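Subject: Structure handover

Hello,

Here is the structure I said I would pass on. My notes follow below it.

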Amino acid sequence: METVRPRDRSSPALDYNDGADSAHTMKPKEFGTGRILVADDQQDVREALRLLLKGEGYAIDTASSPAAVLEAAKTREFDALLIDLNYTRDTTSGREGLDLLGRLVGLDATLPVVVMTAWGSVDVAVEAMRRGARDFIQKPWDNPRLLAILRTQVELGRALRRGQKLEAENLLLRGEGGPRLLAESGAMRPVLQMIDRVGPSDANVLITGENGTGKGVVAQALHAVSRRAAAPLVTVNAGGFSEGVFESELFGHVKGAFTDARADRVGRFELADGGTLFLDEIANVPPGLQAKLLRILETGEFERVGSSRTRKVDVRIFSATNADIGSEVTAGRFRQDLLFRLNTIEIQVPPLRDRREDIPLLARHFLTQHAARYRKTLTGFEEPAMRALLEHRWPGNVRELDHAVERAVLMSPGPQIRPSDLSLRIATDGHASLDDMSLEEVECYLIRKTLARYNGNVSQAASALGLSRSALYRRLQRYKL
């Protein structure tokens with residue numbers, strides 16, 4: 001039987017003095033099995049294990065003291081830990097190693113820890129397993145058994161982490177149907193062309209447009225044609241959380257990080273590792289978090305809330321906003337360097353009123369979808385109903401059209417949707433009422449009316465509107481007036 005025997009404990013350490021707090025990293029030329037931390041106060045034991053495990057394809061870090069083990073575990077990811085239970089301060093009872101074991105399990109419950117001691121006993125083994133050790137090895141060890149235990153524990157640890165991540169993904173993504181991007185109009189042609197050109201790359205994309213135009217659907221279309229399509233597209237509404245909650249949502253947290261943190265939680269960046277993260281309403285990111293967001297975009301590095309361990313992810317970023325983010329930068333509410341990172345490519349999604357050719361296509365799609373959902377037999381739209389859809393201003397854009405068709409499906413006795421089923425609010429003069437307009441439409445309407453009142457005199461119109469000339473010129477440019 002092949003064994004490796006440690007030297008006598010009375011001989012001096014060769015690479016670390018007195019078990020000082022330190023960790024040493026061995027970097028093999030190639031490895032693919034995993035990364036293991038070997039901890040023992042004897043250099044020859046560490047070296048024997050390093051050579052054995054390196055030959056199996058593992059990347060090896062070594063540590064000579066409990067403090068060095070904790071520091072290494074806090075600052076990087078390991079697939080397993082192989083730790084001695086007896087260090088220079090206590091050579092027989094295993095108490096020092098057992099205390100270390102408890103702290104390691106508290107740090108990361110999914111991290112496999114295998115313990116070893118030259119003074120093995122049933123009582124020590126039972127206590128180590130009770131405190132969270134995955135297995136127990138007695139010195140001198142049997143190489144095949146040690147390797148078999150580590151292989152098993154590395155795979156189990158990975159399975160636990162995958163399970164934790166999948167559970168979080170399922171909670172986040174359960175029931176997500178994945179809406180389709182339906183477009184035939186000329187106004188949407190540049191959007192479709194941009195998706196074809198940019199989608200396969202890894203470039204970050206900023207998607208702009210009014211509320212309800214389908215920015216999220218564009219993000220899904222970009223992801224579907226990317227090399228990350230097999231990985232998740234994770235969505236987070238940047239405007240939907242307070243600053244403290246938002247940090248936990250993005251980066252995750254560890255147990256005990258705050259009052260309600262009863263367990264470790266995987267953040268959205270970790271969920272999206274290898275895939276894409278879609279940050280909706282990006283202009284609403286709290287100023288205090290913009291620096292942290294910039295850091296992870298630049299380096300891929302972050303820490304969970306309450307943890308000092310730096311983690312690294314590979315994530316592509318899509319972001320979206322209906323705000324004038326340039327004005328947000330000018331006003332000092334949004335970092336310009338963060339915008340540069342997000343806005344490698346910008347895609348502007350036109351409002352539905354500028355792509356009316358798509359209304360019949362979208363309306364029929366929503367009709368089929370909602371008729372199946374509510375188990376109703378409907379064959380289409382009466383001609384006056386379709387005309388009403390084409391003439392409506394759609395201040396809520398595609399989202400409003402979807403809701404209007406859903407309401408009509410519920411109201412219609414069949415077999416076709418009637419104008420009365422749609423319940424569209426139309427002003428008596430044939431134009432959309434203010435109630436039907438978005439904020440941008442109302443602003444554009446008032447500017448146009450004021451300019452007409454003053455015969456196109458920008459100075460007088462700006463004064464009447466309470467704007468400076470430069471502010472009015474910016475709005476004239478934005479609304480193409």
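How many aromatic pairs does the count come to? The count comes to 2 aromatic pairs, where rings of Phe, Tyr and Trp (its six-membered ring) pair if their centres lie within 6.5 Å, and planes under 30 degrees apart count as stacked, over 60 as edge-to-face and the rest as tilted. Phenylalanine 251 and phenylalanine 269 form a stacked pair, at 5.8 Å centre to centre with 10° between the planes. Phenylalanine 251 sits in helix H8 (residues 243-251) and phenylalanine 269 in helix H9 (residues 268-271), so the pair ties together parts that are 18 residues apart in sequence. Both phenylalanine 251 and phenylalanine 269 are buried (under 20% relative accessible area, with exposed over 50% and partly exposed in between; 1.4 Å probe, protein chains only). Ring pairs link Phe251, Phe269 and Phe302 into a cluster.

Please keep in mind that this is a predicted model: local features need pLDDT of at least 70, side-chain atom pairs count only at pLDDT 80 or more, and totals for chains, interfaces and linings use all residues. Residues are numbered from 1 along each chain as its sequence is written, and side-chain values use heavy atoms, with hydrogens and water left out. Helices (H or I, at least four residues) and strands (E, at least two) are DSSP runs, numbered from the N terminus.

Next, the sheet. An open sheet of 5 strands runs in the order S10-S13-S16-S9-S17 with parallel pairing; two strands pair if DSSP finds at least two bridges between them. Strand S10 (233-237) and strand S17 (345-348) are the edge strands, each pairing on one side only. Strand S9 (residues 205-208) is joined to S17 by 4 bridges, and leucine 206 stands opposite glutamate 346 in S17.

Last, the nonpolar cores (sets of buried Ala, Val, Leu, Ile, Met, Phe, Trp, Tyr and Cys residues joined through side-chain atoms within 4.5 Å). The largest has 30 residues, and those with the most contacts inside it are Leu250, Phe269, Leu277, Ile282 and Leu293. Elements giving two or more residues to this core include S10, H8, H9 and helix H10 (287-299). The largest share, 5 residues, comes from H10. Leaving aside neighbours within four places in sequence, isoleucine 282 is in contact (heavy atoms within 4.5 Å) with residues including Leu206, Ala238, Leu293 and Phe334. Apart from this core lies another, of 25 residues, among them Leu70, Ala72, Leu98 and Leu111.

Regards
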